[in-house]
Amino acid sequence: MSTITIKNVTKAFGDVVVLKEFDEVFGDKEFVTLLGPSGCGKTTMLRMIAGFEKPTTGEIHIGDRVVSSDKTFVPPEKRGIGMVFQSYAVWPHMTVYDNVAYPLKIAKIPKAEIKNKVESILGVVHLSQYASRYPSQLSGGQQQRVALGRALVAEPKVLLLDEPLSNLDAKLRESMRFEIKEIQKNFGITVVYVTHDQTEAMAMSDRIIVINRGVIQQVGTPTEIYQKPANQFVADFVGKVNFLKGEVKEGHIELVGLDQSIPYDGVYKGKVVVAIRPENITLIPNGQGSLKGKLLTQFYLGDVNDCRIDIGGEVIRVIAESESYGALQENQEISLYLKDFLVYEDDGKDDHTSIIT
Amino acid sequence: MQPSIAPSKKRFSFDFQFDVMWLIMGAIILFLLVFQVFPLLYLVFRAFFSTGSFSLEAFKRVYTYPLNWSALRNTLVTATLSMFFGVLIAFPLAWLVGRTNLYGKKFFRTLFVMTYMVPPYVGAMAWLRLLNPRVGNLNVFLQNLFRLESPPFNIYSVGGLVWVLTTFYYPYAFITISRAMEKMDPSLEEASRISGASPLRTLWTVTLPMMAPSIVAAALLVFVSAASCYGIPSIVGAPGQIHTVTTRIIDFVYIGSQEGLTDATTLAVFLMLIANVVLYVSTFVVGRKQYITVSGKSTRPNIVDLGKWRIPITVLVSIFAIVIVVLPFLTVALTSITVNMGRPLTMSNITFKYWERIFTRKAIIQSAKNSLVSASIAATAGIVVSLVMAYLLVRTNVKGKRIPDFLITVGSGTPSVVIALALIMTMSGRFHINIYNTLTIMIIAYMIKYQLMGMRTVVSAMSQIHPSLEEASQISGAGWLRVVKDVTIPLIAPSVVAGWFLIFMPSFYELTMSTLLYSTDTKTLGYELFTYQTYHSQQTASALATAILILVIVVNWLLNRLTDGEFSI
Ligand SMILES: Nc1ncnc2c1ncn2[C@@H]1O[C@H](COP(=O)(O)OP(=O)(O)O)[C@@H](O)[C@H]1O
Ligand SMILES: [Mg+2]
């Protein structure tokens with residue numbers, strides 16, 4: 001059993017609190033991703049699980065063993081975890097074979113068995129023919145596989161990955177996603193994965209934990225996170241979104257300053273923010289639909305048509321089918337149908353829009 | 001039409017810049033050829049052609065003389081032992097200061113690095129006072145403490161020489177190893193921890209092997225510095241009749257005869273050979289093996305928790321710092337205010353007359369002036385060369401730009417005695433240049449020996465400026481000179497200042513080369529101090545040494561301030 005239990009963990013460096021009251025259980029064999037903008041505390045969380053940092057307060061359990069608390073602290077080498085570092089951290093003075101064999105040598109496993117295990121892992125990460133090479137003779141992607149092999153070879157129950165793909169080029173990144181996911185399923189291990197790339201998180205995770213400024217914003221499956229973002233930050237960080245300010249009236253929301261409204265019978269009263277994903281808007285012939293506007297620009301992207309539409313004072317983004325590109329003209333009056341939208345209470349803060357991803 | 005003029009104008013300025021570069025590079029190479037390459041080659045020639053045709057006569061004569069053999073042996077033994085102990089001290093210190101939660105590690109770091117800038121003969125003076133076989137303060141103290149029959153140590157011995165050499169050259173290793181450790185990606189060590197290795201095992205299987213090339217380079221540096229040191233063996237060794245190659249060379253030169261010069265040359269060739277082999281090994285063999293492990297994203301080093309050892313180890317390091325750094329410096333400072341060195345330092349035994357003397361005696365002031373002038377000129381000329389070299393190396397693809405770089409490196413790797421001797425042999429009229437007995441020869445010697453430090457500093461600063469910063473200025477309409485003035489110079493200014501002081505300081509208190517090159521009108525501070533120490537008054541010498549120490553500390557502090565802690569010497 002290799003659940004990871006994080007009990008109310010807070011981490012501060014000096015006076016600066018970088019993680020606040022983190023409380024979550026990662027299930028056995030689960031693929032959990034910590035997702036958030038750079039500097040939000042993801043690496044810090046991962047390093048606390050690994051044992052490179054001590055929580056300021058709170059406890060961490062791996063399985064039913066307490067690894068960090070007020071009274072106990074298990075050093076990294078005693079935690080039986082595999083970890084892949086962002087900079088690969090492959091030792092340049094050892095061959096690929098020696099790099100991968102290292103954890104087994106430390107564990108004093110017989111030589112013959114080490115050989116078997118290393119060879120089988122090198123097969124898994126497609127490096128069999130490179131065993132005797134030195135890392136300087138390998139490409140970035142291959143070094144990454146060495147790091148992965150080294151993390152897996154001792155058959156840990158928990159694997160931690162800190163932005164393992166961020167130094168690879170786009171094509172390689174996509175194929176590695178599937179490989180890592182495959183390995184996780186086959187080995188049946190619990191994975192904690194750190195990234196700031198939302199598509200990576202969506203593609204791989206069983207559950208995503210969205211963090212901002214050291215505070216958990218939402219925990220959920222990729223679909224939940226995408227379709228029901230808990231707040232404006234999550235809506236904005238995961239996927240694309242248009243925000244419009246509005247006020248709830250009888251059965252509809254009046255959009256502030258736009259002289260337009262959309263039907264609504266939800267729970268919120270008073271001032272609200274409406275969040276509409278660009279792909280949830282359909283362009284339809286003038287005169288129908290809930291919103292009216294004028295097409296400002298359109299960009300043909302091959303698979304879609306990326307449009308900017310002025311709805312009477314605010315410009316919103318609409319991602320339409322690519323066929324619409326030929327049918328529409330700039331400055332054309334147009335109607336919009338909203339397939340789906342979300343409503344949040346307006347807390348008066350606009351800072352979610354200043355997130356840089 | 002306008003546009004047709006613009007490109008041609010641009011090309012003109014490009015050509016112009018290119019020619020100026022060639023010119024400056026030519027001048028630098030010429031300077032190095034005349035004042036460095038030629039003299040050194042002549043030295044070798046002289047050793048083998050002492051009689052006019054090729055002969056090993058000179059070698060035979062020199063190396064059959066038992067005193068020379070013992071000098072050679074002493075040099076090799078003391079340098080090897082200092083290398084061994086120096087690294088043995090430096091590596092754990094570098095690791096403790098760089099990778100653990102040792103108390104006060106920043107302070108210790110500054111303290112150890114600062115020793116590097118203190119002239120080695122100060123250490124010799126201090127240890128002489130502390131471990132003199134009869135009246136050494138520390139000897140007497142230990143004898144009383146443990147009720148010994150006789151004083152426990154004798155500084156006038158090979159052991160004493162090794163001791164002082166080690167305490168003054170281990171900082172070379174400390175700095176080299178610390179730098180390499182800082183550059184190492186800490187996740188390499190973390191990867192070992194998470195693989196199940198304890199901190200000690202990680203140190204052994206990852207940190208140490210990764211650092212091996214730097215450790216070898218550091219060891220070689222200590223070896224060659226100790227082997228070419230003159231100040232320490234001349235103060236510590238001479239009273240006990242312990243000669244080294246450097247002291248023998250200078251004795252031979254002082255004999256003044258042609259035969260004496262030939263003998264000095266022959267010994268110098270031996271020293272030069274050692275230095276060149278070491279330089280070759282550390283740049284071309286070890287240098288190649290240096291692992292490039294600077295990670296893309298800077299992670300903070302994983303600090304090893306010393307746990308229950310934290311206090312004991314901090315105490316140990318403190319004791320080390322007190323014995324190796326504080327005690328000798330304090331001894332020198334106290335000596336400078338002692339009337340009678342044989343008596344304890346009571347109120348009646350305190351005087352400031354030696355301090356008064358160093359600020360009033362004409363001869364001392366004149367020597368200080370000489371040193372100030374020659375060191376300032378050497379530093380300024382050296383930094384100009386450094387700037388040009390930095391530009392050449394980092395920003396251009398001029399063919400042959402490695403040649404002056406190589407020559408400067410060789411020059412700095414050559415022992416001081418050898419440089420000075422080679423200059424004496426060639427620059428005193430034999431080849432139509434006679435600058436012997438002038439400050440010029442001193443300045444040239446300082447430049448050859450020390451400008452590398454300035455060059456390294458400026459080059460590393462320059463290579464950290466991305467060319468796009470300069471290009472951005474150019475695209476905004478600035479010309480070549482304007483770009484340099486608006487962008488390049490402001491960005492490298494701190495390192496230029498630091499580089500200037502790195503050449504200035506060692507030139508200012510230089511001893512070895514000055515001892516060979518001085519004349520009655522061109523005595524230097526180092527030489528003045530040395531004669532006071534050996535012949536007239538140790539207190540006056542100590543006052544001078546203390547003044548130099550204070551200067552080192554002030555300059556260090558100033559540079560630290562000036563550059564936000566990025567540079568110190
Ligand atoms: N050792 C440390 N000392 C001080 N501040 C730190 C340290 N490690 C991380 N931080 C700070 O904590 C915050 C979170 O860092 P990190 O966990 O690395 O973020 P992420 O991985 O999400 O980009 C950052 O503001 C960072 O500067
Ligand atoms: Mg991070």
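1. The crossing of α4(A) and α5(A) is right-handed. This comes from a predicted model, as does everything below.

2. Start with the two helices themselves. Helix α4 of chain A covers residues 140–152, and helix α5 of chain A covers residues 170–187. They pack at an angle of about 15°. Their axes lie 12 Å apart. Angles under 35 degrees count as roughly parallel, so α4(A) and α5(A) are roughly parallel to each other. Two numbers are used here because packed helices are described by the angle between their axes and the distance between the axes.

3. Now the ligand. Where does ligand 1 lie? Its place is between chains A and B. The residues that surround ligand 1 number 10. The closest are A:Val18, A:Gly39, A:Lys42, A:Thr43 and A:Thr44.

4. Which helix gives the most to the shell around ligand 1? Helix α1 of chain A, residues 42–50, does, with 3 residues. By class, the shell holds 5 polar, 3 nonpolar and 2 charged residues.

5. Look next at the oxygen atoms of ligand 1. One is 2.5 Å from an N or O atom in the side chain of A:Thr44. Backbone atoms take part too. An N or O atom of the A:Lys42 backbone lies 2.9 Å from a ligand 1 oxygen. For a backbone N or O atom of A:Gly41, the distance to an oxygen atom of ligand 1 is 3.0 Å.

6. How much of ligand 1 does the protein bury? Taken alone, ligand 1 exposes 560 Å². The protein buries 69% of that.

Definitions and conventions: Residues numbered from 1 in each chain as written. Chains lettered and ligands numbered in written order. Predicted model: local features only at pLDDT ≥ 70, side-chain atom pairs only at ≥ 80, totals over all residues. Heavy atoms only, no water. Near = heavy atom within 4 Å. Polar contact = N/O pair within 3.5 Å; in protein donor to acceptor, adjacent residues only side chain to side chain. Areas by Shrake-Rupley, 256 points an atom, 1.4 Å probe, with all protein chains shown as cover. Helix = DSSP H or I, 4+ residues; strand = E, 2+ residues; numbered from the N terminus. Nonpolar A, V, L, I, M, F, W, Y, C, P; charged D, E, K, R; others polar. Axes fitted to C-alpha atoms, helices over the stretch in contact; angles between N-to-C directions. Parallel < 35°, antiparallel > 145°, perpendicular 65-115°, else oblique. Left-handed = near helix turned anticlockwise from the far one by under 90°.
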